[in-house]
Every structure is written in C-alpha cells, then in structure tokens.
Amino acid sequence: MTTPNALLARAVAAHRNGRIGEAATEYRNILAIDPGHARARHLLGFALLQLGSPDEAEPMLTEALRRWPKAPDAWAHLGLALSRLGRAADARTALRRSLLLAPALLDGAEGLLDVAFESNDGSTEKLADRLVVLAPRRPAGWHRRGLSRIRRAPDLPAVAEAERILRRAVLLVPDDVPALTDLADTLRMLRLPQTAWRVGIRALRASPGSSAARVVLAAALVDLDRAEAAEKTAMAAATLSPAATGGYGNLAQCLYGEGRFDGAVAMGRRACTLAPRDPQLLANLATYHLARGDLERGWPLFRHRPARRLLARSPGLPAAAWNGGPAPRLLVLAEQGLGDELLFASCWRDLAAMVRDGALGSAAVEIDPRLRPLATRSFPRIDWLDRPGSRERRYHQVEATHWVAAGDLPTLLRRRIADFPPTAGYLVPDPARVAGFREWLAVEAPDRYCVGLCWRSGLQTADRGRYYPPLEDCRPLLDVPRIRLVALQYDDFTAEIAAAWPADRPSLLIPPGLDRRDDLDGVAALIAALDATVTADTAVLALAGAVGASTLSFGRRATWVALGQTSPPWHPSVVSAHRAPDETWMGLMRRIAGNLPVRPRGAANGRPV
C-alpha cells in the first residue's frame with residue numbers, strides 16, 4: 001500500500017513541474033487517507049490558489065494553519081488568497097505573520113508588497129526596496145519599485161527613473177507581460193510612442209492572446225497618429241476581455257482624437273461602467289463630455305483629473321475644499337502647465353470681484369513666477385504666491401480656511417457657456433513696454449502688418465510633430481500682402497530658419513533683448529503691440545487670449561478646451577482653425593493666410609474693468 005508520504009512526494013514533484021491539476025488530485029488522495037495531514041492540506045490550498053480558486057483555497061489554508069500554525073509559507077499563501085478575495089486587511093495580517101516566522105520568505109515579502117501596492121499603501125516603495133535587496137534577480141521587486149516611483153511623484157524625473165527600473169525587471173524576465181506593458185506605458189509618459197509601440201509588440205509576441213498587450217499597443221498607436229490601427233487594436237482588446245476596461249478606454253481615446261466625440265462618450269461610459277471608481281477613466285470621460293459642450297455632465301467629472309488628485313494629497317491643506325460660496329481666506333493651487341494656468345486664470349477676475357464685494361475675505365493664488373508682474377498689475381486685490389515644485393508642496397504655514405485647485409475654478413464659476421464673459425482680455429500688459437514695441441515695429445516694419453508667429457511647442461519630442469507644422473509649411477503666410485512676421489517662438493529655432501526660410505523674403509523679426517521664454521510680461525506687451533498673432537495651441541495662444549489680442553490659432557483637431565464651440569469661449573479675441581480630415585498643414589496655412597484677422601496697429605484691445 002502506498003503511504004501518504006510517498007503520495008506526497010509524487011504530488012510535490014508534479015506540482016514543481018507545473019502539473020498543478022495532477023498535484024491537486026494527489027493531495028486530495030492523501031487527505032482521503034489522512035484528513036489530518038496538514039502539509040497536504042496546505043499544498044492543496046496553494047494549488048487551488050494557483051488554479052484561480054481563492055475561495056476554495058482559503059478554508060483549506062485556514063484549516064492547515066489551525067493544525068500547523070508555525071508554517072510560514074502557509075501563512076504567506078493564505079495572505080495571497082485573502083488578497084485575491086478582496087480582504088486586504090486580513091491578507092496583510094497573514095503575510096506579516098509569515099515574515100515574522102521567516103523574515104526572508106520571498107512569497108511573504110512579495111505578497112505583502114502586492115497588497116500594499118493594490119491598496120495604495122504608503123509603505124509600497126519601502127517594501128519594494130526590501131524585496132529588491134532580498135531577491136535582486138526576482139523581477140517583482142523591480143517592477144513594483146518602478147511603479148511606486150511614478151505613484152509617489154508623477155513628474156518627468158520620477159517617470160524617467162521608473163523607466164530605468166522597469167527595464168531592469170524586463171531584463172530579468174524578458175517575456176514578463178505585465179512588466180512589458182507597464183514599461184510601454186511609462187515610455188508613453190516620456191513621449192516616446194515609437195519605443196512604447198515596439199515594447200508593446202514584444203508583449204504581444206510573448207502572449208499573443210493578451211488583451212493588456214493590445215491595450216498598450218492601441219494607446220501607443222493613438223500617440224503615433226495611426227488612428228485606424230489604434231481603433232482596430234483597441235476593439236480586439238475589448239473583444240478578448242469584454243469585462244476589462246482597457247480596450248474600451250483606449251477605443252474612446254481613439255474616437256476622441258479623431259474628433260468623434262459622441263462615440264468617445266459612448267465608449268468612455270462603457271469603460272466607466274466596468275470600473276466606476278477608476279479616476280483616469282472618469283477624467284477622460286469628462287473631456288469627452290466637455291468636447292461636446294456638455295458642461296453639466298463634464299464639469300463634475302473634471303475633478304478626477306490627475307493634477308487635482310495629486311494636489312489634494314498635499315500636506316497641510318485647509319480642511320475645507322471651496323464650493324464657490326463665501327469663505328474667509330481662500331487658497332488657489334496652481335496646476336498643470338503654463339497654458340492651462342493662463343486658461344484657468346480667466347476666472348481670476350471673478351475672485352477679485354468676490355474679494356471686492358466681501359464674499360471672500362482674501363484670495364491667495366499660486367502662479368508661475370513669470371506671471372507675477374501681469375497678475376499684480378491686473379488684479380491688485382489678489383495675493384500672489386509663487387507656485388512650488390511638485391515635491392515642495394507644504395501648506396502647514398499657509399493661513400487659509402478653504403482651498404481649491406485652479407482647474408476647479410471654471411467648474412464653479414463657468415457652469416454654462418453663458419457664464420463666460422463676452423469681453424476679451426483679462427491680463428493688462430505694461431503700457432510703457434507696449435508703446436516701446438510699437439515704436440520698434442514702426443522702425444523695423446513701416447507700413448506693414450506685423451503678425452506674431454509661433455508654429456510649435458517648445459517641447460520637441462517624438463510625438464509632437466503630428467500636432468504642429470514644420471516651419472516650411474508656414475510659407476503661405478509670407479504671401480499675404482504687406483505682412484511682416486515677428487518671432488513669438490520661445491526656444492532656439494536657428495536651424496529651422498536656416499533650412500526653411502525663403503532667401504527672397506523679409507527675415508523673421510526677432511525682438512531685441514526680449515527673453516521670449518521667461519519674460520512673459522514683455523511677451524504680453526509685444527503681443528499687444530502686434531497687429532495680429534498666429535499661433536499653434538501653446539502657451540503663446542493662452543497668453544494672447546489672456547491679453548485680448550486679435551489671434552488666429554491652428555491645430556490638428558478641436559479639443560475639450562473649445563467646449564463644443566467654434567472657438568474657445570475663454571478667449572473671445574481668438575479665432576480657431578483646424579485641419580480638415582484630408583488637409584495638409586500647408587493647406588491649413590493657406591486658409592489661415594486668406595483669413596488673417598489683421599487690424600490697424602494701435603486699435604484698442606479689450607481690458608478687464
């Protein structure tokens with residue numbers, strides 16, 4: 001007769017060789033002979049866990065530990081089962097018990113790390129570092145360490161560090177699909193979509209049936225402006241995993257990028273139905289609603305945007321979030337980039353009016369330090385604070401009773417399109433500098449329409465070319481009679497001028513002594529002195545709109561910022577033009593040249609009262 005120990009040896013051999021179903025059957029045979037065999041009961045529980053049945057594994061492991069309470073690996077496996085059942089607190093207790101019994105137990109250390117990560121526990125990074133020390137050749141520690149770096153501070157340096165760490169995990173196990181997909185997502189954050197696409201292809205080759213690999217591939221294809229391929233890939237991901245959110249979420253992003261906002265809303269809603277608490281899906285759905293002009297549905301969801309979630313975790317914030325009503329002392333937190341900051345700044349005049357009328361005792365607003373001269377001149381009733389870096393936000397010493405993120409201001413003060421002021425401009429340039437630039441233009445370009453030009457963002461990464469035309473495609477602007485173009489581009493464009501500017505045309509005027517990146521007060525004065533501005537969707541557009549300058553903006557597609565209108569209601573002096581489906585950048589520039597909104601130099605711009 002075969003003894004239980006002989007059966008156990010055979011079962012363990014099958015288990016180690018990956019024949020888990022066979023091993024489970026052998027463990028059951030052992031328990032039929034000896035119901036009190038704690039080791040067989042533990043290993044059967046572990047096998048059931050591996051076979052995807054944590055609900056069956058949990059009672060097996062609990063009973064095994066009742067009979068054999070000092071088995072550290074059984075505690076670890078019970079912790080894993082409890083974690084998969086959604087019982088994070090109980091899982092954490094069991095896993096810690098395993099590590100008390102065996103401090104170097106890898107299953108316990110890795111399981112505790114996974115529970116901390118899924119619970120967004122503040123100990124995640126420390127646990128990941130510990131696992132890397134315990135098992136430097138085990139990818140799980142490196143994988144979680146990389147993701148926790150992004151979670152702690154999702155700024156560019158942290159993302160770059162995370163990318164290096166995730167590459168280490170992939171080097172250890174080249175076909176680890178979760179690590180590959182997270183690496184691809186990180187590369188997308190670094191605006192390296194081509195590299196992200198290649199990593200996504202690796203993930204798909206490692207697991208041809210993977211929905212997750214197709215999700216990240218679809219996202220990279222969206223970034224690469226390969227709309228048709230992205231849509232097909234996202235649809236395949238949704239078909240493979242109809243209960244998962246990634247396929248529908250990326251399909252919604254594809255439709256949004258193509259300007260098909262109704263379809264984006266439908267797919268975005270479907271993704272949110274599957275994951276109703278996913279903040280990124282909710283934030284994306286907000287932009288789809290807003291792009292259609294549905295402020296009633298869009299603004300409430302807009303609070304889920306990543307920038308606000310990060311701000312809400314800042315230490316020392318006042319207890320109360322502002323709801324738009326009376327408040328003794330309000331603190332407004334800056335968020336996102338300069339362009340968005342200037343967009344949300346359209347609500348500053350409302351704050352100034354509330355301080356004037358007594359609804360707010362005071363309002364302290366964080367701003368980019370470069371905006372301080374403009375802000376102070378325009379709204380002296382507001383207190384201005386230089387915005388801190390993302391890792392420097394501490395508000396314990398700030399005297400405020402309420403706080404609000406800058407992007408929440410329009411959700412409270414611009415609930416309808418009718419709430420947007422019809423007058424153009426809310427920032428006042430320095431009159432003396434405006435006069436100085438007009439004198440310079442009169443000397444350099446007498447009897448000419450002087451038009452500022454900014455054709456691209458200063459951030460030149462692999463995916464940016466699809467959003468902005470090359471300089472040579474802007475040549476139709478030079479065919480406008482009596483025109484002179486003035487540089488508003490705020491980085492070094494010497495090589496572009498040398499390669500693309502026609503030798504037989506007047507040179508691009510460059511204002512002497514003006515730091516076009518950091519002297520925003522000077523740039524605002526120059527824009528106000530010009531006859532018109534033509535600009536891509538950059539901070540220059542937001543600044544031109546903020547000072548009420550006659551402006552024509554161009555872009556590849558309309559975005560949520562337009563709020564479903566022909567031109568964005570934030571800036572009444574701005575007219576928007578977007579590429580038609582089959583139109584080139586050159587074709588769009590020809591249209592712009594034919595409709596350039598020039599005005600006689602010296603005409604007054606709108607100013608806030």
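Helices here are DSSP runs of H or I with at least four residues, strands are E runs of at least two, and both are numbered from the N terminus. This is a predicted model, where local features need pLDDT of at least 70 and side-chain atom pairs count only at pLDDT 80 or more, while totals for chains, interfaces and linings use all residues. Residues are numbered from 1 along each chain as its sequence is written, and side-chain values use heavy atoms, with hydrogens and water left out.

Back to the helix pair: the axes of α15 (residues 246-257) and α17 (residues 279-291) come within 11 Å and cross at roughly 25°. That makes the two helices roughly parallel. Axes are lines fitted to C-alpha atoms, for helices over the stretch in contact, with angles from 0 to 180 degrees between N-to-C directions; under 35 degrees counts as roughly parallel, over 145 as roughly antiparallel, 65 to 115 as roughly perpendicular and the rest as oblique. On the α15 side, Gly-249, Ala-252, Gln-253 and Tyr-256 meet Leu-281, Asn-284, Thr-287, Tyr-288 and Ala-291 of α17, contact being heavy atoms within 4.5 Å.

Next comes the sheet. Five strands make up an open, parallel sheet in the order β1-β5-β2-β3-β4, two strands being paired if DSSP finds at least two bridges between them. At the edges sit β1 (320-321) and β4 (383-386), each pairing on one side only. Helix α21 (residues 348-357) packs on this sheet and touches β2 (327-333), β3 (360-367) and β4, its direction making about 155° with that of β3. β1 is joined to β5 (residues 402-405) by two bridges in the parallel sense, and Ala-320 has His-402 as its bridge partner in β5. Five bridges link β2 and β3, with Arg-329 partnered by Ser-362 in β3. On to β4: four bridges tie this strand to β3, and Val-365 stands opposite Trp-384. Six of the eight residues of β3 are buried, so this strand is largely enclosed by the rest of the structure. Buried means under 20% relative accessible area, exposed over 50% and partly exposed in between (1.4 Å probe, protein chains only).

Not counting residues up to four places away in sequence, Leu-351 touches Trp-322, Leu-330, Val-332, Leu-360, Val-365, Ile-382 and Leu-409.

Finally, a few loop residues. Most residues other than glycine have a negative phi. Arg-191, however, has a positive phi of about 60° and sits in the loop between α11 (177-189) and α12 (193-206). Arg-191 is partly exposed, at 30% relative accessible area. Arg-482 also has a positive phi, near 60°; this residue lies between β6 (449-454) and β7 (483-487) and is partly exposed at 47%. Ala-319, in the loop between α19 (306-312) and β1, is exposed, with a relative accessible area of 87%.
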